[in-house]
Amino acid sequence: MALTETGKYSQGSVLGSVNPDIASERQTASFSVEKLTAWLDGGAERTRLRRAVVEAIERDPVFSRENQYFQSQNESYEAAVRKAVHLQKKMHEMGWTDDGPEFKYIYRALSGDLAFLLHRIFIRSISVLGSDKQIAKWIPLATQYQLIGSYAQTELGHGTYLQGLETTAVFDITTQEFVLNTPNISAMKWWPGDMGRSATHTVVFAQLYINGKCYGLHPFIVQIRSLQDHSLCPGITAGDIGPKMNFEHIDNGYLMLQNVRVPRENMLSKFCEVQPDGTYVRRGSQKINYFTMTTVRISLISDEVVIPLMKACTIAIRYSVVRRQSKLKPREQEAKILDYQTQQEKLLPQLAAAYAFYFISDYLQELFNRGYREIQRKNFDMLPELHAFSSGFKAMVTQYGTSAVKICLQACGGHGYSLLSGLPSLYTKIFASCIYEGENTILLLQTARFLIKCFMAASTGQSVPPSVTYLAAVTPEKCPAKNKLDFLSPDIYTEAYQHMAARLISSTAAKLQDLIQSGVKKHDAWNQCTVQLAQAAKAHCHYITVKNFAETVEKLETQPGIQKIMKHLCDLFALHGIFSNAGVFLHDGYVSGAQMDMVTASYLDLLAVIRKDAVPLVDAFDFTDKTLNSALGSYDGQVYQRLYEWAQKSPTNKQVWTLDYSQATSALTRAEVVCFS
Amino acid sequence: MALTETGKYSQGSVLGSVNPDIASERQTASFSVEKLTAWLDGGAERTRLRRAVVEAIERDPVFSRENQYFQSQNESYEAAVRKAVHLQKKMHEMGWTDDGPEFKYIYRALSGDLAFLLHRIFIRSISVLGSDKQIAKWIPLATQYQLIGSYAQTELGHGTYLQGLETTAVFDITTQEFVLNTPNISAMKWWPGDMGRSATHTVVFAQLYINGKCYGLHPFIVQIRSLQDHSLCPGITAGDIGPKMNFEHIDNGYLMLQNVRVPRENMLSKFCEVQPDGTYVRRGSQKINYFTMTTVRISLISDEVVIPLMKACTIAIRYSVVRRQSKLKPREQEAKILDYQTQQEKLLPQLAAAYAFYFISDYLQELFNRGYREIQRKNFDMLPELHAFSSGFKAMVTQYGTSAVKICLQACGGHGYSLLSGLPSLYTKIFASCIYEGENTILLLQTARFLIKCFMAASTGQSVPPSVTYLAAVTPEKCPAKNKLDFLSPDIYTEAYQHMAARLISSTAAKLQDLIQSGVKKHDAWNQCTVQLAQAAKAHCHYITVKNFAETVEKLETQPGIQKIMKHLCDLFALHGIFSNAGVFLHDGYVSGAQMDMVTASYLDLLAVIRKDAVPLVDAFDFTDKTLNSALGSYDGQVYQRLYEWAQKSPTNKQMSPAYERYLKPLLHKTLSKL
């Protein structure tokens, strides 16, 4: 390595010694970082457990992510399988279990770069959709890895709209089998993880036909690869769908079925069964199954949005106190870029959003736990609300979070663009969350449908779920704020959000009614309102997020230091939202132009206040350097040294370049020698 | 290939036969696609030339991009060098020249995935900064590729703020040499293209010291690799900076200098020279050099933003008429996703923006040509305006374009996320344009500084450049629109933009004044206004873009069919901007809430109108399938077949699972044996 050769910069490498520019940031924290960390974790005991798990993972060289940014798709995949296999041993060894408190910390430490995640979905789908007999047969095989499972729903031509799936399963009464087929290229299963190269079995969703009649979508367990030599089973065509923006470690696959026969017992039959004579029997309510599916959307908020966003904030904010650029004051040293208002305005609202979404994720988790208890008591009343929440928040938080990570990346300039910063992989990964588990626009419209229904009900005096009673509430016509400090009152801004959300929902409902009354067909009228409906659904979720943040802050009275800084962040999150979406607040004059100037003034003032605690606020997320895996974001702030050392490990620097040019007549032909020798 | 084996879907592969869902879109075009293409190209003759160049490039297998999405960084680099080398031969063979009309078409056909682009900058910088003698020595060597050049300005710790660069060049009077050093790790040159592995020479920017006195930044020609065996020269440490979001084909490099000596003649000395006795002499005006640098920002708008955005629109819109999802009406077939209002609202404003930026790029090019003529007549009056334009538009267009390509990608759902769609590489590449050639926020603030200065001047009655006279113009206090159709009048919306931009600039100027008058120091006051200043600068550029689009449409009266659809796009671009930035129009009551409802209504109405011509409007961009290199965007609309065929070429399908023997087999078999 050149640096070591010259010996000039690396004598006693600075790595490990803390850059004074970041050290000084930690001396002025207005609160105890350790206390904030413990509070975020849910208690000091949890912090201890988390750190123990993370340490055990990171000490194990098999889990190293050192080469992450240099790997080919084949290498990433192999590493993910190696880690998944090793994790089984490790968990056994450490006494960790899949449903224990450790698992989320394991996932955090590994950044989710793990194979066999779809194997888990395979297991869950059998547990949820299978009969007791099926569970007894398949779950032990799967948990002991006697097979590797996947979950094949999405098709090349069909995504979120499940009724459109084309794969067929025809019941053959003579052999008591189902015959599965891919009738068309658009019916090929496409995207399922673990299926391209690993899986031996998969749950295939197909349209069930008995005696020529279609009974709709049903799940079938299908073996796709030999348990002996891993070759494809007869009638199966499968492979990897190729390169993607991220998830290169996952073998997302395609699957084509040609007269593939599975026994009658392979249709998952908790809710419906085909009897030997071809009689189709439906039993029980699928509602609980429906519920299970929506919880996935809630759990991804924490794992796939909040944690990546916290990491991105940590990297960008630490870098911004180490990077110096231009002079803020004449005749002084170049300034830390975080001292520029524009840099603060890029990053600090994203930091506030990370906290906001952390709290909303907790709130949703609690709501769903309550819902689950109700459902177990056969009370399904909460289901529509839960569904609307899971759809809307999944869409709103993934979209907001993706844009926030993008801002963090761009705020780091050219160095952010290097994979070594860790930000591109965070970004391209969170980017996918806007698409998977339901495309965001479609989800927002499902939430909007619920909101419109509730608005109609509320305005005719019918009872509605507590989260939407505000739709019928009477609010003042004008925001009562008189000066910029009034906008630091949660009552003032929460009410502004409430008014705005209610107005967007009611005005869109009115437009919908008008169109229908003017003779436009219902479905056309709906389509003509969808841009505004999606906007209204987002506004609703934004309102609930602000309200929940304010309530979380209120409950913190026993920890005044933390409460104070959280209050600032809450204010910032709320005012940033008003500043950036000024139109919807100004539209009906609820907030006046003069008041909007007060919002702007308070918003910009807050930036300078929170800037002082910016590094402690990201330190509190407590990511290890290995978890961040970023040349820009390490705790010690030695960004340039680390960038340089990491760059030298790149495969592009591993080839030897001294060559014989004796035949070359110009550098151009020399270039050819270099390339083709 | 499995598909061929089963024989079921590929008997007479559908590729090539046009998907009826996209064919039907082309039958109802309200205008002639060929005429629009010719108009965009600047005449049918240019279209012919462009097609000939593109065809010559695409017929040549060396330039194939078939494996683009499957390559490692090493392979991409190798391919880029191979293409660059081959291109020299090809150009010679075809009689094309570097400054001929063909070059931009070549670049378009190759999507810029070419090595030695920094070699061109090396040549340009010597032409611009070198003395006649230096030009006579180095330019022939470079154009004949006796050396490969690069351009080393940015350092690990220093980017846009050039004064901060730390590399030093100390004049040694005894040997008549400059001694170059990297005094600190943050001073290492970092990012220069072609430097990591290819370049033999580079222009290094360093702080010049003579007798202990610093004379500021100067350019030096430094040899970094042997012309004999390509090994690094003594005192040179250099290598590749590693993986990036894109530009894997470019060997962006690092460079550390340790007592590297170059002769006195290697300092580029058109504008200043160090004489043998150490006397520093400055000569002539650097202004023209300054001008040359700002033109780079203008030319990248077309090559690095408009063309990628047009491609992204082509891919996303063609896919959206082939992809069907859910039912719009009960008991009908699943609907084309472009028939959903939400999909239209994602894509059609981006299409309108592609046209808007195409026109603004032309406008800026003309402005700069005019500026260049003035400067050659030693009239430098236009320079501040040109600088403000190049900075502001570079920032506004790259930011808008990046977000537009992102929307196109996301609008294609999961298939957009596959590299095979072509959209991820377009996105990650355009993403960098927000950073290189000046970080956008810094550029916007430079424009804002110019605007504030002009506003001050205009409000005290001094003359200002024509593009900013509006800052002093008197506009009505309220928008006069009475119904939604009024918002289809360019006068109405252009005036709304003008009012809004002028208001943002004047109110920020007032805040700045207030702060200074209240005793805040000037630089602190400036910092406290920068969020709003950047917003104001963007608003100014947005206004000019709308105004220029409206003027472009007006001039189209001889082509009524094209004029009509361009008018729709202009309206859409303008109303989309008002709808999405409603706050700044509503703020002072210029647009009322009721008028904003009219804007929304007209805006949403336009979507349904333009949707009918969406495919013809992207067909007019006239990208070949090979140029698009997208499984989703091909002319024939056979997206599923193409995705499947391309996926099978992936290296992940070329070998048995690398994990099977090592991990999966032991895992499965160990437990199997326990049965």
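**Figure 1. Area buried between domain 1 and domain 3 of chain B.** In this predicted model, domain 1 of chain B and domain 3 of chain B bury about 1,400 Å² between them. Carbon and sulfur atoms account for 63% of that area. On the side of domain 1, the residues that lose the most area to domain 3 of chain B are B:W39, B:L40 and B:Y69. Together these three residues supply 47% of what that side buries.

**Figure 2. The two domains within chain B.** Chain B is divided into domain 1 (35-115), domain 2 (119-283) and domain 3 (291-620). The centres of domain 1 and domain 3 of chain B, taken over C-alpha atoms, are separated by 29 Å. Their contact involves 14 residues from domain 1 of chain B and 19 residues from domain 3 of chain B.

**Figure 3. The salt bridge and polar contacts across the interface.** One salt bridge is found between domain 1 of chain B and domain 3 of chain B. B:D113 forms a salt bridge with B:K429, and their closest N and O atoms are 3.4 Å apart. Between domain 1 and domain 3 of chain B, six residue pairs are in polar contact, with both residues at pLDDT 80 or more.

**Figure 4. The side of domain 1 of chain B that touches domain 3 of chain B.** The elements giving two or more residues to this side are α3 (33-41) and α6 (103-110) of chain B. Of the elements, α3(B) gives the most, with six residues. Sorted by class, this side of domain 1 has six nonpolar, four polar and four charged residues.

Conventions. Residues are numbered from 1 along each chain as its sequence is written. Chains are lettered from A and ligands numbered from 1 in the order in which they are written. This is a predicted model: local features need pLDDT of at least 70, side-chain atom pairs count only at pLDDT 80 or more; totals for chains, interfaces and linings use all residues. Side-chain values use heavy atoms; hydrogens and water are left out. Domain bounds come from an automatic or database domain assignment. Contact means heavy atoms within 4.5 Å. Buried area is the accessible area (1.4 Å probe) that two parts lose on being put together, summed over both. A salt bridge is a side-chain nitrogen of Lys or Arg within 4 Å of a carboxyl oxygen of Asp or Glu. A polar contact is a pair of N or O atoms within 3.5 Å; within protein, one must be able to donate a hydrogen and the other to accept it, and residues adjacent in sequence count only if both atoms are side-chain atoms. Helices (H or I, at least four residues) and strands (E, at least two) are DSSP runs, numbered from the N terminus. Ala, Val, Leu, Ile, Met, Phe, Trp, Tyr, Cys and Pro count as nonpolar, Asp, Glu, Lys and Arg as charged, and the others, Gly among them, as polar.
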